[in-house]
Amino acid sequence: MYVTFGTDQRSSDRLSFRRVADDQLAWLRRVLVAPPGMGNARFQLAGTGTVILDGAPGSGRTSTARVLLREHHTDIGAFRELLPDEEGELPLTDPELVGAGDRLLLDMSAAEAVRWAAAQADLSALRKAVHEQKAHLVVVMPHGGIIDSDLQQYRVEIQQPCRKRVLRRHLRVHGVPSEHYLRPDATVTDFVREQRPLREIADFADLVRRAREAAAWDEGFAQWCTSAHKARADRREEVATLVSTLGDSPQRALLITVAMLHGAHADMIHHAAQLLLDTVGLPPDDVPLLQRKDLAERLAEISAGVGSDGHVRFGELDHDSAIRAHFWDHMPDLRQYLGMWTARSVALNGPHITQELRDGLVAKLAGEYLRTGRPEGLASLAEAWGSTAASKAGFEAAVQALTCGLGDRVHARSFRGWIYQRCTGKQLKEQFAQVLVQVCADVVAAGHPDQAMLRLYYLARREHSTGSALRALSDLVETSHRLRRRLLHRLARSELSPADLCIFLRVGVPEALTDPHDNGRTLVEEESVQSSVTTCWRAVLNGLPRPAWQPYAEHWMHAAADDGHKGDLLLELLVSAAARCEGRGAAFAALYASARDAERTAPVGSSRAALTTDLLLQKICSAQRLSSPTTPPRTESTRGTEP
């Protein structure tokens, strides 16, 4: 049996989701121009721990909310978005919802009147928990929604900041020198004059950045902005005309390939175009090799070319996205083949095939599914890839596809629900289960750790050999006392199958239970946790053979012998669990024998561990209402010894 304890064995990359969430908030803080009203929101949040933001759509409400919470970042607590209507999320009235120092966002900006009214009814209990845990809560209310009179004091309205300042801030963060964007420019003036959501301004700034990176050395800011403006234009007719001039399949395949692998090396483009023809079932070209057009000529016919670095690009910015949209919208029968081709392409190997290229290809295909409102198609494709993946590339393609769905502003909720259904469903292939483990641990957990925990719990219950879901679940609860508490309570209320018991033994480690909270208390001192731990240990002693649980019991004895832990309470919980067993005498004997065995490997030394064994025996006798024990000789084997 392979057993690990404590936190030393955690995989550091499994905690990357915390860094991802913090990095996203840090980026928002860098690019955000404080909107009118943000100062009042700061004052309100600092003073009461709660602020309710109101503002017109496109004013930057949700970004402002996230930055306000980022400004209260500390070493304790975590940023989380509350989604009370989804699977795995606690109701707003549940005190377990809030951990010490948490930064909570409740985005109700798109909620209908009924949902907003229900949320307001629960805010009193939520604000109480926020206050008790020294946490912070920002609520984004629906613009124009009715707000209860007792909540009016927390409401702050923000307005859209100066659009020119927003654009300049984004350009500065993107590395565009100020001497460029501070000059008057007609394109910029026309763009910022129109009322538009801040999201569109951010997108335009990113287009300017990309235009600058692709521009010739003698082009300046005006040309970059012109290219960015043209990229935003409707180019459907232009692309349709181009496609109609390409009568043969090889040229259309080349056009699609460049659009899907824009910026890839010419060798990769050539090979992938041939692969696309093969995927759709077209026979190879029977024209003699030396009579065929070379790649440069063929690329020129589709307005693309090979740069000095050997990579292929279109001459105009974002031309590739317009071409992808054209083929996706107007050749629907091609969609299934694009999925097959993408899977084959990411499995290729070669000097010009990088992980960035593979991820980009999957992201472009995912973008078409999401743009046209077909999240279920993308999810099914990811499942097909992940269920049959014989290579690391196929596995990562499935992960990337689901990551794109979870990151989509419109369809993220449906993807979280779809993943929940797969985690709890009966028909789940082991290969795809591993995909879900990684997605839950590294993506869902970034903003929704409760949902990630529940999904990993279901995956851990069903896995047979890899143990990856259990490791990911253990790593996740290692980041939060609140999550560990919630998982222990769920386990205690479950059927406590052998799989549940294995989960408990992994997450119910004594170091975590005796580690002081941010408020100075430990989990093991909480009555509700004591009850859950006792219930689970009772089921362990009743339901598992001794060799399965003894290493964990010995570890508890080692922790109890350490003065740095609440040893007396740890022993009390073990004895209490044994006292409730059906065969309590045998359970007491097994615990005592485990304690004697633990003396030989105790980090604190055998003599000190022996005192812990004596204390355990006293508690066992007390539970049996026996007189003070006489300690058995310590020179004999203790296995099977009755106390």
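I count as a cavity a set of points, on a 1 Å grid over the protein atoms alone, where a 1.4 Å probe fits but cannot get out, with lining residues having an atom within 4 Å of a point. This is a predicted model, so I keep in mind that local features need pLDDT of at least 70 and side-chain atom pairs pLDDT 80 or more, while totals for chains, interfaces and linings use all residues. Numbering runs from 1 along each chain as its sequence is written, and side-chain values use heavy atoms, with hydrogens and water left out.

**Cavities**

I searched the whole structure and got 2 cavities of 30 Å³ or more; a volume here is the space filled by probe spheres set on the points, which are joined across faces, edges and corners. I looked up its lining: Ile256, Ala259, Met260, Ile323, Arg324, Phe327, Trp328, Leu338, Lys364, Leu365 and Glu368. Two or more of these come from each of α11 (249-260), α14 (319-330) and α16 (355-371), the helices being DSSP runs of H or I, at least four residues, and strands runs of E, at least two, numbered from the N terminus. α14 has the largest share, 4 residues. By class I get 8 nonpolar, no polar and 3 charged (Ala, Val, Leu, Ile, Met, Phe, Trp, Tyr, Cys and Pro are nonpolar; Asp, Glu, Lys and Arg charged; the others, Gly among them, polar).

The second largest cavity is about 50 Å³. Its lining includes Met557, His558, Glu599 and Thr613, and α27 (546-561), α29 (584-599) and α30 (606-623) each supply at least two lining residues.

**Cores**

Next I checked nonpolar cores (buried Ala, Val, Leu, Ile, Met, Phe, Trp, Tyr and Cys joined through side-chain atoms within 4.5 Å; buried is under 20% relative accessible area with a 1.4 Å probe, protein chains only). The largest has 136 residues, and Trp537 and Trp549 touch the most other members. Helix α20 (residues 430-447) gives the most to this core, 10 residues. Apart from it I found another core of 23 residues, including Val98 and Trp116.

I then listed contacts (heavy atoms within 4.5 Å) of Trp549, skipping residues up to four places away in sequence: among them are Leu505, Trp537, Ala590 and Ser594.

**Strand β3**

How enclosed is β3 (residues 103-107)? Largely, because 4 of its 5 residues are buried. I see β3 pairing (at least two DSSP bridges) in the parallel sense with β2 (residues 79-81) over 3 bridges, and with β4 (residues 136-140), also parallel, over 5 bridges. Leu105 is the bridge partner of Glu81 and stands opposite Val138 in β4.

Note on methods. 1 Å grid on protein atoms, 1.4 Å probe; cavity = no way out; pocket = protein on both sides within 12 Å on 5 of 7 lines; lining within 4 Å. Buried < 20%, exposed > 50% of the residue type's maximum accessible area, 1.4 Å probe, protein only.
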